[in-house]
Amino acid sequence: MKDKIVLIGLFLGLTSIIFGAFGAHALKSVLTESQLQSFEVGVRYQMYHALFLLFIGKYAGISEAAQKYISWGVILGVVLFSGSIYLLALSQVIGIDFSFLGPVTPIGGFLLIGSWFLLFLNFFKQKG
């Protein structure tokens, strides 16, 4: 399980760098400043959570059950949060109206928050 979590973290980190470079160079001339800022938020949160998964996969003080729930929450959270932001920012460029994804972004954010909360609870249980 730990190796899979690390691999997913590495993949999310790699793709966040690719998306960040894509946004900074290829999209700079086609997106508005607001759209570009939104896209960058998706990239930033994807990288934060890539690093979070690397920590989860390498830290020995987390129960296997907590690792499982935290990592799934992060994976789904990044897909929903960052993924919806990417698509919403690129709607005009792609030519597809992704506005229906607006409500998906906070669901992804909730999953990310929940993952951090589960890690907090895991540490709290161990210290208590």
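In the predicted model, Thr105 is located in helix α4, which spans residues 104-127. With a relative accessible area of 12%, Thr105 is buried, because the limit for burial is under 20%. Apart from its neighbours within four places in sequence, Thr105 is in contact with Leu80, Phe81, Ser84, Ile85 and Leu88.

The packing of helix α2 against helix α3 was examined next. The axes of α2 (residues 33-58) and α3 (residues 64-94) come within 9 Å of each other and cross at roughly 165°. Helix α2 is therefore roughly antiparallel to α3, as angles over 145 degrees fall into that class. The crossing of these two helices, α2 and α3, is left-handed. By class, the contact of α2 with α3 comprises 16 nonpolar and ten polar residues, with no charged residues.

Ten aromatic pairs are found in the structure. One of them joins Phe39 and Tyr86 in a tilted arrangement, with 4.9 Å from centre to centre and 45° between the planes. Since Phe39 belongs to helix α2 and Tyr86 to helix α3, this pair ties together parts that are 47 residues apart in sequence. Phe39 is buried at 2% relative accessibility, and Tyr86 is likewise buried, its relative accessible area being 9%. Together with Phe19, Phe39 and Tyr86 form one aromatic cluster.

A further pair, Tyr45 and Tyr48, is edge-to-face, with a centre-to-centre distance of 5.4 Å and 65° between the planes. Both tyrosines, Tyr45 and Tyr48, lie in helix α2, three residues apart, or about one turn of the helix. Tyr45 is partly exposed, with a relative accessible area of 33%; Tyr48 is also partly exposed, at 42%.

Key:
Residues are numbered from 1 along each chain as its sequence is written. This is a predicted model: local features need pLDDT of at least 70, side-chain atom pairs count only at pLDDT 80 or more; totals for chains, interfaces and linings use all residues. Side-chain values use heavy atoms; hydrogens and water are left out. Helices (H or I, at least four residues) and strands (E, at least two) are DSSP runs, numbered from the N terminus. Buried means under 20% relative accessible area, exposed over 50%, partly exposed in between (1.4 Å probe, protein chains only). Contact means heavy atoms within 4.5 Å. Axes are lines fitted to C-alpha atoms, for helices over the stretch in contact, and angles run from 0 to 180 degrees between N-to-C directions. Angles under 35 degrees count as roughly parallel, over 145 as roughly antiparallel, 65 to 115 as roughly perpendicular and the rest as oblique. A crossing is left-handed if the near helix is turned anticlockwise from the far one by less than a right angle, and right-handed if clockwise. Ala, Val, Leu, Ile, Met, Phe, Trp, Tyr, Cys and Pro count as nonpolar, Asp, Glu, Lys and Arg as charged, and the others, Gly among them, as polar. Rings of Phe, Tyr and Trp (its six-membered ring) pair if their centres lie within 6.5 Å; planes under 30 degrees apart count as stacked, over 60 as edge-to-face and the rest as tilted.
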